[in-house]
Amino acid sequence: MADDYLVRIGKLIRDARQHRGWTQTQLAEALGTSQSAVNRIERGNQNISLEMIARIGEALDSEIVSLGYAGPMHLRVVGGRRLSGSIDVKTSKNACVALLCATLLNRGRTVLRRVARIEEVYRLLEVLGSIGVRTRWINGGVDLEIVPPAELDMGAMDAAAARRTRSIIMFLGPLLHRMDNFTLPYAGGCDLGTRTIEPHMIALRRFGLDIAATEGLYHAQVDRKVTPGRPIVLTERGDTVTENALLAAARHDGTTVIRNASSNYMVQDLCFFLEALGVRVEGIGTTTLTVHGVPTIDVDVDYSPSEDPVEAMSLLAAAVVTESELTVRRVPIEFLEIELAVLEEMGLDHDRTPEYFADNGRTRLVDLTVRPSKLEAPIDKIHPMPFPGLNIDNVPFFAAIAASAQGKTLIHDWVYDNRAIYLTDLNRLGGRLQLLDPHRVLVEGPTRWRAAEMMCPPALRPAVVVLLAMMAAEGTSVLRNVYVINRGYEDLAERLNSVGAQIETFRDI
């Protein structure tokens, strides 16, 4: 029994290392041990303490086991079941984390309605709480109240929580107005390859922010004499880059013009929230934003973020892959129109209700009903573009959809260094995906999905794509260590079960 336990532990460690893209030597160096010791651990031939397992998990950013509370969560999926009924889209994960960062602009009380209860939000709440911000769930745990202190205690920041979320980078914009010097841990999050903060710095230097990066920390200094005298041109039309520039401009006492700005859903929600704080923003939904900042913000504000178009795409893909009839309610249609146009060309049978407004009064929603369809591979390749193009985060779902279609589909995920590589995990479930290079995958369908046991990819959207394929595969599959899914989805397994899936959560360590 003990030997079997060690073999299972070793297999989890090996899979986590391989998904990280590390060799045994690289892991050994991170642990301060030898390659041969790592080899013995992975083969189950060496006794290993809980402390060492926790150290390995930290090095690989994989929750192999956690000291002090239950171990990692896994999913057991009984596939081949049809979905039916209706399911609501939750509020936007990316909007919620941006709004949490934006509350640092406000000295008053903020209430955010129907906040996504996901790990990414929890990490930010841990960080905010550690520096003195009071947060609490209200109205039966549905809404979130945020009350800042008079002074933030940056020295007490929970660095471990900060390093587990890439959203921490959006503290830069609001903090530069509150203090002249501060430090932040390096941003973490999904393993999507090299992602520089230089585009953020190009924008924020115009507000006097200078950063030196040493020993895992960003050391920030602010020169109050520097202000943006001319329009800020972003070197990449990134969502978080635009949000950081907006957060910096919101409390700049003057007018800031931001060009080549993202007009994506989370940026629009942030603009709507800034308007609730008393900041006038012109050009919302375009690539040029004009921000009329105010030097002090001290208001009590109540705001409802809109629904998540990427979660909506996840649920639509679940219906397509499982050949189900499913109604997805509260879909932010403006941010899915290109995806639906592509799916219509592939032969998707669906209809939609008339549009109605989200609780923020601005975002347009519809209810979509998807039916089983005979799909054909698209003539053109699937590739993302900044909004209003096909959403970058929706590209992975087309891998599972293309695998369900007749013919070959080329997917070009040009934005991230290695996310396309994770899509080839579908081959372990019967898919036929050929990696042409780190950015391009050729998908051949239709696919006869088969059950398998595997480690969850370390990137959020590919992880969900694997789960959807397991739902379509006859038999029982196991997806191990699903922390990354919990970072971006609230109660996804339970909600899919409510429309006919059979997914069980369990822990084995």
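Me: What sits over the ring of Trp137?

Reply: That's the charged end of Arg117, 4.0 Å from the ring centre. Keep in mind that this is a predicted model.

Me: And what lies over the face of Phe506?

Reply: Arg76 does, at 4.0 Å from the ring centre. The distance cut-off for a charge over a ring is 6 Å, so 4.0 Å passes the distance part of the test.

Me: What makes Tyr265 and Phe335 an edge-to-face pair?

Reply: First, the general idea: a pair of aromatic rings is described by the distance of the centres and the angle of the planes. By the pairing rule, the count comes to 3 aromatic pairs. For Tyr265 and Phe335, the centres are 5.9 Å apart and the planes make 65°.

Me: Are Tyr265 and Phe335 buried or exposed?

Reply: Buried means under 20% relative accessible area. Tyr265 has 5%, so Tyr265 is buried. Phe335 comes in at 6%, so Phe335 counts as buried too.

Me: Which aromatic pair involves Phe273?

Reply: Phe273 and Tyr303 form an edge-to-face pair, 5.7 Å centre to centre with 65° between the planes. This pair links distant parts of the chain: Phe273 is in helix α11 and Tyr303 in strand β13 (residues 301-303), 30 residues apart. Phe273 is buried at 0% relative accessible area, and Tyr303 counts as buried at 6%.

Me: How do you know whether Arg480 is buried or exposed?

Reply: The relative accessible area of Arg480 is 13%, and the limit is 20%, so Arg480 is buried. Arg480 is placed in strand β22 (residues 475-480), and a polar contact of 2.7 Å joins its side chain to that of Glu453.

Me: Zooming out, why does the radius of gyration agree with a compact globule?

Reply: Because a compact globule of 509 residues would have a value near 23 Å, and the protein has 23 Å. Of those 509 residues, 57% count as buried.

How values were computed. Residues numbered from 1 in each chain as written. Predicted model: local features only at pLDDT ≥ 70, side-chain atom pairs only at ≥ 80, totals over all residues. Heavy atoms only, no water. Helix = DSSP H or I, 4+ residues; strand = E, 2+ residues; numbered from the N terminus. Buried < 20%, exposed > 50% of the residue type's maximum accessible area, 1.4 Å probe, protein only. Polar contact = N/O pair within 3.5 Å; in protein donor to acceptor, adjacent residues only side chain to side chain. Phe/Tyr/Trp six-rings, centres within 6.5 Å; stacked < 30°, edge-to-face > 60°. Lys NZ or Arg CZ within 6 Å of the ring centre and 35° of its normal. Rg over C-alpha atoms; globule rule 2.2 N^0.38 Å.
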